[in-house]
Amino acid sequence: MDHILTVPQGTFTLERAHHDPGEPLRAWDAADELALAHLAEVGAAGDRWLVVDDAHGALATALAAHHPTSWTDSVVTMAATRANLERNGIDPSTVTFVPSTSDPVGPVDVVVVKVPRTLAVLEDELHRLRPLLHAGSVVVGAGMTKAVHRSTIAAFEGAIGPTPTSRARKKARLLLASVDPALEPGPGPAPLRWATPEGLEVTGLPGVFSASGMDPGTRLLLAHLPDQEPGAVVVDLGCGTGVVAATVAHRHPDVALVCCDDSFRAVAAARQTVGAVASDATFHVTDVLDGVADASADVVLCNPPFHAGGARTTSVAYRMFAGAQRVLRPGGTLTVVANRHLGHHVALRRWFDDVAVVGSDPRFVVLRGRRR
């Protein structure tokens, strides 16, 4: 796979986070290329540049001469961007990183928004972005055509102003929004609240997995949680809204909980969900289990993703399994729920003994393994 991006701003060597040579995935897409070409063509200029949802840092790296701010929900994105800057001989301090749970500093002169997969995330970002813009701000949305819908255009027009689109090129399209000073956007998406069958209130934020209700995989996992010894350290890996950790705390109030996710929004949601049940849980916005000590946990619970962005991959799940093996004490257990077709029971045997099916339905399977 060619890792060289050539755009009007220069030629850059870019890699995805945790690059797997066996997966033909690049650190940019045609929407990045189209946005960068457009910015060069129109001569976009200004003192304050912002890139939003720049998954692997392609935009921030190509635009590093403008000292952009990268507004992102993921610590993995931050790490990938820093690595790509260094890979191209650029000081990482050139880019300012702002997590999704905070707002960038305005005013913003030029902004590129990579269209996220979830409309609620886009609506939230645009409503929070709007106060940072001025009448002359250049606002460019960039996405693959499959991600740009009428609702996408409506989100830009409802929060920013008139938004014509470019012609599609290499299956990518731009949204070219003009700031309407007279427009008064309504409120952005509010946090969602829902209750589990056990009566626990769950907080969902835009883009967090199962923000609006219980997904079937988690429901199956909760039906087959392992019993906990008093004082056990239980890690909810990829905690999302925190519904798994909150359920554990509700059933076993004497355990110690650790919640980990690479998403700032997810950990913020989990703090609210779990905090209503357990006052002393620990939260980490981290890449898998970075920062969690070796052999410090008795139980790890996990509902791993099988995609990264829009690409299907098992690499994230496998890093979760390897991380769980590291942080578990000898004899500790990992319990995983996953789609049946992924065949995780085979992979788990690389790191765990006594891997067994402890629950299943037509779509999902719950697997448990013991740390060697």
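**Close-up 1. Val140 of β7 and its partners on either side in the predicted model.** Val140 stands opposite Leu176, a residue of β8. Strand β8 covers residues 172-177 and runs antiparallel to β7, to which six bridges join it. Val140 is also the bridge partner of Val112. Strand β6 (residues 108-114) pairs with β7 (residues 133-144) in the parallel sense, again over six bridges.

**Close-up 2. The β-α-β unit that ends in β7.** The unit is made by β6, helix α4 and β7, and is right-handed. Helix α4 spans residues 119-129. The two strands of the unit, β6 at residues 108-114 and β7 at residues 133-144, are parallel.

**Close-up 3. Packing of helix α6 on helix α7.** Helix α6 comprises residues 216-223 and helix α7 residues 243-251. Their axes lie 11 Å apart and form an angle of about 25°. Since angles under 35 degrees count as roughly parallel, α6 and α7 are therefore roughly parallel to each other. Their crossing is right-handed. From α6, the residues in contact are Thr218, Leu221 and Leu222; in α7 they meet Val243, Val244, Thr247 and Arg251. Sorted by class, this contact of α6 with α7 holds four nonpolar residues, two polar residues and one charged residue.

**Close-up 4. The open sheet of seven strands.** The strand order is β13-β12-β11-β14-β17-β19-β18, and the pairing is mixed. At the edges stand β13 (282-285) and β18 (352-360); each has a single partner strand, so one side of each is left without a neighbour in the sheet. On average, neighbouring strands of the sheet are turned by 15° against each other, with direction ignored.

**Close-up 5. Pairing of β17 with β19.** Strand β17 takes in residues 328-339, and strand β19 takes in residues 364-371. The two pair in the antiparallel sense over seven bridges. Among the residues involved, Val337 has Val366 of β19 as its bridge partner.

**Close-up 6. Helices α7 and α8 against strands of the sheet.**

Conventions. Residues numbered from 1 in each chain as written. Predicted model: local features only at pLDDT ≥ 70, side-chain atom pairs only at ≥ 80, totals over all residues. Heavy atoms only, no water. Pairing = 2+ DSSP bridges. Helix = DSSP H or I, 4+ residues; strand = E, 2+ residues; numbered from the N terminus. Right-handed = clockwise from strand over helix to strand, strands pointing away. Axes fitted to C-alpha atoms, helices over the stretch in contact; angles between N-to-C directions. Parallel < 35°, antiparallel > 145°, perpendicular 65-115°, else oblique. Left-handed = near helix turned anticlockwise from the far one by under 90°. Contact = heavy atoms within 4.5 Å. Nonpolar A, V, L, I, M, F, W, Y, C, P; charged D, E, K, R; others polar.
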